[in-house]
Amino acid sequence: MAFHRMSRLIQQILVLLFAVLVVVFATPLDKRATQVSLNSYTFSNNVLAGSINIQNIAYAKVVTVIYAVGNTWSNSQSIAASYSVSGSNGYETWIFSGNAVGATQFYIKYDVSGTSYYDPGNSVNYQISSATPAASSTSSKSSTVTPTSSQTTTTGQPVTSSSSTTVVVSLGTGAVSVSIPPRIIPTSIPSEPVATSPSGCGNWNGGDSCPSDSVSAFAASAENRRWQTPPSGAGGYDPSFGTYRDLVGYADIQYNSARTAAAVVINAASRTGETLSYSFGGAAASSSNVFQVDSSLTGALSIAISTSSGKTLNLDPINFIWQNTALTAAQSTFQNGQKGGIVELFGWPWVDVGQECAFLGKAGYMGVKIWPPNEHVWGSNYYETDKQFRPWYLVYQPVSYRLQSRSGTRSELRAMIQACRAAGVRVYADAVVNHMVGQGTDVQNHRNSDCSLYSGHNATAGSPYYTSGNTYLINPQTGTRPTMEFPAVPYGPSDFHCERSISSWTDMNQVTKGYLVGLTDLNTENPYTQDRIATYIVDLLSIGFSGVRFDAAKHIGPSSIASIFAIIKKKMGGSMPADYISWLEIILGGEASVLACDGGADSWYTNFNTILSGKGFTQSEINQIKIWSSDYPKEMPICGSWVIPASRFAIQNDDHDQQNPGSSSRDMQSYGSVLIKDKDVPKHRGFEVQLFSRTDADWQIKLVLSSYQFAAGGGNGYPDGLSDCSLFTGSSPASACLGIAKDQAFVASSCGYTMKAGGYTRVHRDLTIINAMRAWVGLGATTASALGIAGCT
């Protein structure tokens, strides 16, 4: 898509082009639009290239250069610009280069958030001259701008010129043997009757319900309803949808045993079965979907998939595990990442987390856990049925595994991780892989049974996505009713369970195959789904994460998640990194006997270990996989004794799920404290200190929630500024919107427990808690002055 990052190869070719062209224009260019303006351009040998400055208004954006030959304009006479680098004050530099045979004039169009901006504007165009570029009647000073390199490079031998270095891609020598991933689209799809629109206030709810208790798979015929995304130019199309109407795919990283080389395998599918070609690192496209790289590659790898008819899907650039910053600044090895305190910075933007890591490293924390980094449900013209505007729980409704969330972009995420690692702090991701979005929460229009209508949501990276909940319109692309489809993953109906509610928490068929609070449940028994989840986790480890929390793991089940772990291990070269850990969210209550204590097929305490052992996991590798202890502190050990060692559990006082009013996910009673409910700092501090100082079991992973208080009016979205109701643009009464104003997350001199409505609490900065944690991991006590927070206690 047009807003994807450009590879260093292409950028450096442009640098070379700017340096050696016979004619380089440096005549000043008038900046007429604050949203978009041309920096400079060149025109030589019928190639039009240049640099553009745009205001970063939203994630999804399209920048196009449109040119004329003489006075003739045509839709085909356009050049797409691509992101180059972020600048200051909310602006970005984009660059363009393309054939423009006979071009005589051009203008720039910037499409973002449903609005188009033009430069020069006012029906004026830039006039192309053999000597002087200018918009008619424009004259002011400016110099030629050379695009700035990003972190994208490719392998091969460097070729130097007088002003720049460019890199030529080499396809490699096949150092890593390749496993072919499962097909995206199933074969032998049976026919299905074409649907007709429901009458009255009807909708298609229940149309994909499970026909019986013994059936959990989606009907195979539903694959006839895939490919619902509109094409460019059709009604409902958004530029962020790219070519998902016809083309989907993703990159699968497979490492050698030393993790010093990798094969990148592209798994892609064309709607019409077109021949596909693949470009890696900006090199010429070839028919091979496999690309071999090694540790000489020091930056991100760009990837493009093209059809024989000219459609292109640009994947997000990927990084590799050998590119990550060493943890040499850490105050301890933390038993090679197996014992330490981890801070959960709930709702912090990636930029702020990166800044905070200098403090975390000095304080002696082993790591920081961030919230789901993937693309998720979003919205600016819609608040939820509970009146919340962009509430926190939307980050737990994935749209894709693209690393672009409300907390920041993929590049910001990677920069944060590397900054944290440089400070000696590991970073852990929250992976939501049990489900995707809620039924009826997608890009389509919807109708409730009372005939009320509501529009669709968008997503944080602009990807399209579809469910069947509350839908009532025939999809114009398929000519039938909607189905589950997430093209940016890609997932289709076969990758989901049929729809089933959960009414019995001891019925594991419902628990592992039902729709948890209406969330579309992934068929995690499906080999393709398992492989795609594993590929996502490998991408997280490759970009620099040291481990993963698995959300809602209870609803995946021991057998399926063990299979996923086995695939991850294989893709990582046959072993996991030595300092890797994960912890699984297994909330136990009345179902503890089935899920933990009785040792049956669904036991996470015993049978899970047995399955892992059967898949070749050693005991040390099994020990890296923790169970999040929902029975801490009131009911542990919930089976009456430690069925597995306490060292296999991760524990904490309060967690983010407990903060909502009425939440009963963990009833701690008087054994713990939820800070934003109790608002009792001494009480809460006492339980956090107890977390680290108690000696009644050998826990190795201890978590500290550093959250935020909800707004005085009840708004519970992150206080990152993006849930402020001033951003709400919908037609519903703005007075009903429950939002939360911006609070600056990173404050270098802040103390712990900054208690105010709508503000971050910074529990992790409390000196008493820090020193309790340090004593537990074998570090000496520290002082507020040493931490840079003199005057704090």
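Q: How many aromatic pairs does a search of the whole structure find?
A: The search finds 36 aromatic pairs; rings of Phe, Tyr and Trp (its six-membered ring) pair if their centres lie within 6.5 Å. This is a predicted model, in which local features need pLDDT of at least 70 and side-chain atom pairs count only at pLDDT 80 or more, while totals for chains, interfaces and linings use all residues. Residues are numbered from 1 along each chain as its sequence is written, and side-chain values use heavy atoms, with hydrogens and water left out.

Q: Why is the pair Phe-280 and Phe-291 stacked?
A: The ring centres of Phe-280 and Phe-291 are 4.7 Å apart and the planes are at 10°, so the pair is stacked. Planes under 30 degrees apart count as stacked, over 60 as edge-to-face and the rest as tilted.

Q: Are Phe-280 and Phe-291 buried or exposed?
A: Both Phe-280 and Phe-291 are buried, meaning under 20% relative accessible area, with exposed over 50% and partly exposed in between (1.4 Å probe, protein chains only).

Q: Which residues do ring pairs link into a cluster?
A: The cluster includes Phe-346, Trp-348, Trp-371, Trp-392 and Tyr-760.

Q: What sits over the ring of Trp-371?
A: The charged end of Lys-369 does, 3.5 Å from the ring centre. The criterion is NZ of Lys or CZ of Arg within 6 Å of the ring centre and within 35 degrees of the ring normal. Likewise, the charged end of Arg-765 sits over the ring of Phe-359, 4.1 Å from its centre.
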